[in-house]
Amino acid sequence: MEGVSVRKIKKICVFCGANSGKDVAFVNAAFHLGEVLGKRKIDLVYGGGKLGLMGCVSTAVAQHERQVLGIIPSAFTINNLVGETCGKEIKVATMQERLVMMMELSDAFIALPGGFGTLEELFQMISWAQLNIHNKPIGVLNINGFFNGLLSFVDHAVKQEFITPRARKILIFATTADELVDKLQAFRFEPDPALSKLKWSPSSSQKEKLDLTLRL
């Protein structure tokens, strides 16, 4: 990455499935991502527990002696629903509280294959970046074309002028863990000039009134 200023990333939050998926490549990629984070001395923030791909990536990071922090709603800990977290654990009351804490404690975000929960977390972080709530890089590890349909949809939304070309740059795609982390480190946030005027309260997240048409 000669000639490119590198963003310092100490903690990456990984969103992924609590299932392993049909393709063994998903499991292998989750373990490999954990290995890459460990070798690069990057700590992990994730949703807690040991199920599916979440368990794979957290185990791999811990095996490389990096810190693992699971942020988990208390409801999931009843009857050991999701298994024991591999590392430290913070219990929260709600899903929204969990996501806010993930945002605050992480320097970047990566999505692996997953279901509705993974997609919700991914798009929440993207929309918050678009609204200038944070300026942290967001990447998708596109294993065996799993996210091809998502990429096509996003590009279609750009063509239909529901997503601006500037906002499209928020979402980073790569097919290998090393490539994706490199792209996250090289990411430069380009806020929308209008949306950058939004002022967010740390307590209530109230924004100042602007006479704007927002493409959200």
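This is a predicted model: local features need pLDDT of at least 70, side-chain atom pairs count only at pLDDT 80 or more; totals for chains, interfaces and linings use all residues.
How many residues does helix 5 have, and what does it reach from its first C-alpha to its last?

**View 1. Helix 5 from end to end.** Helix 5, residues 148-159, has 12 residues. From its first C-alpha to its last it reaches 17 Å, close to the 16 Å expected at 1.5 Å a residue. Just after this helix, look for Glu 161, which takes a positive phi of about 65 degrees.

View 2. Leu 150, Val 154, Ala 157 and Val 158 are the buried residues of helix 5. They sit on the same side of the helix because they cover an arc of only 105 degrees around the axis. In general, an α-helix has 3.6 residues a turn, so residues three or four places apart point the same way. The packing partners of the buried residues are helix 4 (116-130), helix 6 (165-168) and strand 7 (171-174). Turn to the face directed away from the buried side and you will find the exposed residues Gly 149 and Lys 159.

**View 3. Strands 5 and 6, and Ile 138.** Strand 5 (residues 108-111) and strand 6 (residues 138-141) run parallel and are joined by 3 bridges. Phe 109 stands opposite Ile 138 in strand 6. Leaving aside residues up to four places away in sequence, Ile 138 touches Phe 109, Leu 122, Met 125, Ile 126, Ala 129, Ile 170, Leu 171, Ile 172 and Leu 184.

**View 4. The largest nonpolar core and helix 1.** This core has 60 residues, and Ile 12, Val 14, Leu 37 and Ile 138 touch the most other members. Helix 1 (residues 24-39) supplies the largest share, 8 residues. Helix 1 has 16 residues and reaches 23 Å from its first C-alpha to its last, close to the 22 Å expected at 1.5 Å a residue. Its buried residues include Phe 26, Leu 33, Val 36 and Leu 37. The buried residues of helix 1 pack against strand 1, strand 2, helix 2 (52-63), strand 5 and helix 7 (177-186).

Terms used. Residues are numbered from 1 along each chain as its sequence is written. Side-chain values use heavy atoms; hydrogens and water are left out. A nonpolar core is a set of buried Ala, Val, Leu, Ile, Met, Phe, Trp, Tyr and Cys residues joined through side-chain atoms within 4.5 Å. Buried means under 20% relative accessible area, exposed over 50%, partly exposed in between (1.4 Å probe, protein chains only). Helices (H or I, at least four residues) and strands (E, at least two) are DSSP runs, numbered from the N terminus. Contact means heavy atoms within 4.5 Å. The expected span of a helix is 1.5 Å times one less than its number of residues. The arc is that of the directions from the helix axis to the C-beta atoms. Two strands pair if DSSP finds at least two bridges between them.
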